[in-house]
Amino acid sequence: MGIHTYFKSLTKLERIERCPGEFMFERHTVASHSFKVAQYAQFLGTVEEQSGTPIDWKSLYEKAINHDYPEIFIGDIKTPVKYWTPELREMLSTVEEGMTAKFIDTEFPEEYKDIYRDKLKEGKDATVEGQILSAADKIDLIYEAFTEIQRGNAEPVFLDMYHDALIVLKHIKLHSVSYFINEVLPELMDEDIMSTIDIRKITEAALK
């Protein structure tokens, strides 16, 4: 029991695969996803700061690296399922929060419980840092889906993931999101694709 149990639990994030049950050329784990989201968030935060927006870097890094820790309890649920209805998303959030709170109450020393309740809470909120996390999470989803499409994976789920992530991303009103859409996304679309899928057409339709 104690912090040792928390440290051991982190290994579970390396074992939980993203998009469970789907055929993929390249598998990803929740642990690798969390690292990439932290890297995207770091760049997005830099763009925001350069645009004059104050960034709480401690908060941003904690939100990014911890945002999927609760998945050690419920695993990775496919995005289309997780967001099928607001009610279902709320129920899943309640389960995640409840199981995380129980874990903290059971395993953490008293002096660190409140600290970790804050660190491991839902990070996607109305703050700039929370919005950056939301954007970074969708950017990783875009890259995961694009990589499969690029390699010729014709499973419809990846077209939906790519399209839907772009739609969510375009509604996040940040300088850094505009930078990604205007400067980074065109480079992605210029890459060679081993598929007859018109990724540029899908992108333009999502951003219209």
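A residue is called buried when its relative accessible area is under 20%, exposed when it is over 50%, and partly exposed in between (1.4 Å probe, protein chains only). The structure is a predicted model, in which local features need pLDDT of at least 70 and side-chain atom pairs count only at pLDDT 80 or more, while totals for chains, interfaces and linings use all residues. Residues are numbered from 1 along each chain as its sequence is written, and side-chain values use heavy atoms, with hydrogens and water left out.

Helices are DSSP runs (H or I, at least four residues), numbered from the N terminus. In helix α12, residues 199-207, the buried residues are Ile 199, Ile 202, Thr 203 and Ala 206. They lie on the same side of α12, because their arc around the axis, taken from the directions to the C-beta atoms, covers only 100 degrees. Among the elements that cover these residues are α9 (128-150), α10 (156-170) and α11 (175-189), where contact means heavy atoms within 4.5 Å.

Side chains of opposite charge can pair when their charged atoms come close. A salt bridge is counted when a side-chain nitrogen of Lys or Arg lies within 4 Å of a carboxyl oxygen of Asp or Glu, and the whole structure holds 13 of them. One joins Asp 140 to Lys 36, with the closest N and O atoms 3.4 Å apart. This pair links helix α9, which holds Asp 140, to helix α3 (residues 30-50), which holds Lys 36, across 104 residues. Asp 140 has 0% relative accessibility and therefore counts as buried.

Another salt bridge, at 2.4 Å from N to O, connects Glu 62 and Lys 119. Glu 62 belongs to helix α4 (residues 57-66) and Lys 119 to helix α8 (residues 110-119), so the pair ties together parts 57 residues apart in sequence. Both Glu 62 and Lys 119 are buried.

How values were computed
Helix = DSSP H or I, 4+ residues; strand = E, 2+ residues; numbered from the N terminus.
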